Amino acid sequence: MLKKLFSHTAIYGLAPQVTRFASIFALPIITPYLTPLDFGVYGIITAVTGAISVLGTIGLKVILTNTFFKSTHQYKWGWRQIYGFLMVWSIPFSVLTACILWFFVPHEAIDNRLEIILINVIPIIMFGPTSFIGTTLFQLKQIPIQIAVRSIIFGLMTIFLNIHFIAELKLGYMGWFYSTGIATVLNQASYFIPLNFKYGLRPIFNFKWRYIRKSLAISLPTVPHYYSAYLLDTSDRLIMKTLNISTADIGLYNASNTGANLFRQLGTAAGYAIGPMMNASYKEGDDVKARNLVFLLQISYFVLTFTVTIWLKEIFHFLLKNKELQTTYPLGIVLIMAYNYRPMYFGSNNKIFYTEKTKNLLKVTFTAGVLNVVANFILLPVYGYQAAAYTTFFSLMYMGYAGYFLKVFKQINHINYYPLVWIFATIGLMISSSYIVEFSPLIKIAITFFVVIIGAILIGRFSIEQKNNR
């Protein structure tokens, strides 16, 4: 179980990094042919499509997941119903996307407005939710390599197409849109064949409205839940711009996020890996096994984040060849330690999803996003861009631990997760690393060695307990 947890997390987490690493080498090739206008147009359009993308599946992943585990031998009927419904829904969703893009395409790109809209809408019309259904299927069947291989292949394809359209054909921002559009369609097609033929998950267009209405009653409350990620991870930059904080200061804040972005991606990968394992444990009635998986992941996160943050000063000096950017490492420590919320978040969140008490998620995730936005509007004008790091930290702590204090969670859970112990441990580690980061390298080497040993002992203890519970 431990080996599977870590190996699947590694596969989900490392695959996207292959294309990100390759994209670094592509930048010197394409940037001579791009202008700030190109970056601006592409950034605005991707921000708009990203903001409305959650409406494409309207939270129905919770139904797919629960059906897979609760109706092991009959889940295909439910999946085919949802597949058919989402194919139909993709038509009005495409119209909505087109209308919103029509108004948000910048004036400088008005001549290419129709092309931009078509490139973003065609993959939705052609295949609808195919990649969403396929990714969910492989995740729940615990076959991460199927997702990882596609991520690498189509990620690299996008990079090579960017070079072709931007550097060779000199199409500017349109090169990005063409590359992404082609890779998206091919990625969708790669899921269509196994989904429809190998696994027999052909969409049922004559779906049962009663089943769809019942599913939507559970899934719709999760839409604000998924949107909370945008409020927590991206909204602070937009708020800074609204409050007229300088572009230079926004750039410094982005630099401080360098390490946090990696741990955010690692958290997403860990969620893909741990989710099916916890659901399998719930199905067996073994909540202790599910809890211990969370504890194993949390301890691993503590070891990783603490080790990285005490060395963050040296890491920033190595990665950021700019003295002003290098000084942002204290904020980087706060932001990296904030993502320690993720493992404990799975403990309450996954149980709520499994028992379909999704209406209660608004009290946790969406509330955390709103708190972050409100706090930023209050504190940024007074304390500057640095305040955003602390509002993010406390908002993520709220999101990670508020679920344990919900009345509904106490009703469906009878295992102690010791949330207060973990949250105070997180705060203590953040404060400690903020001081230790200034120590000499020799002392930090000794501390790193000690932390790794303690972490290995604790992980070994819970691993043995997992085996004994089988």
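Ring pairs join Phe295, Phe302, Tyr401, Tyr404, Phe409, Tyr417 and Trp422 into a cluster. Rings of Phe, Tyr and Trp (its six-membered ring) pair if their centres lie within 6.5 Å; planes under 30 degrees apart are stacked, over 60 edge-to-face, and the rest tilted. The model is predicted: local features need pLDDT of at least 70, side-chain atom pairs count only at pLDDT 80 or more, and totals for chains, interfaces and linings use all residues. Residues are numbered from 1 along each chain as its sequence is written, and side-chain values use heavy atoms, with hydrogens and water left out.

In total, the structure holds 26 aromatic pairs. Phe127 and Phe192 form one of them, edge-to-face, at 5.9 Å centre to centre and 65 degrees between the planes. Phe127 lies in helix H5 (residues 113–127) and Phe192 in helix H8 (residues 173–198), so the contact ties together parts 65 residues apart in sequence. Helices here are DSSP runs (H or I, at least four residues), numbered from the N terminus.

Phe127 counts as buried, because its relative accessibility is 12%. Phe192 has 31%, so it counts as partly exposed. The cut-offs are under 20% relative accessible area for buried and over 50% for exposed, with partly exposed in between (1.4 Å probe, protein chains only).

Now take Tyr339 and Tyr341. Their ring centres are 6.1 Å apart and their planes meet at 55 degrees, so this pair is tilted. Both Tyr339 and Tyr341 are buried.

Charges also sit over rings (NZ of Lys or CZ of Arg within 6 Å of the ring centre and within 35 degrees of the ring normal). Arg113 lies over the face of Trp102, 3.5 Å from the ring centre. Lys444 lies over the face of Trp311, at 5.0 Å.

Terms used:
Helices (H or I, at least four residues) and strands (E, at least two) are DSSP runs, numbered from the N terminus.
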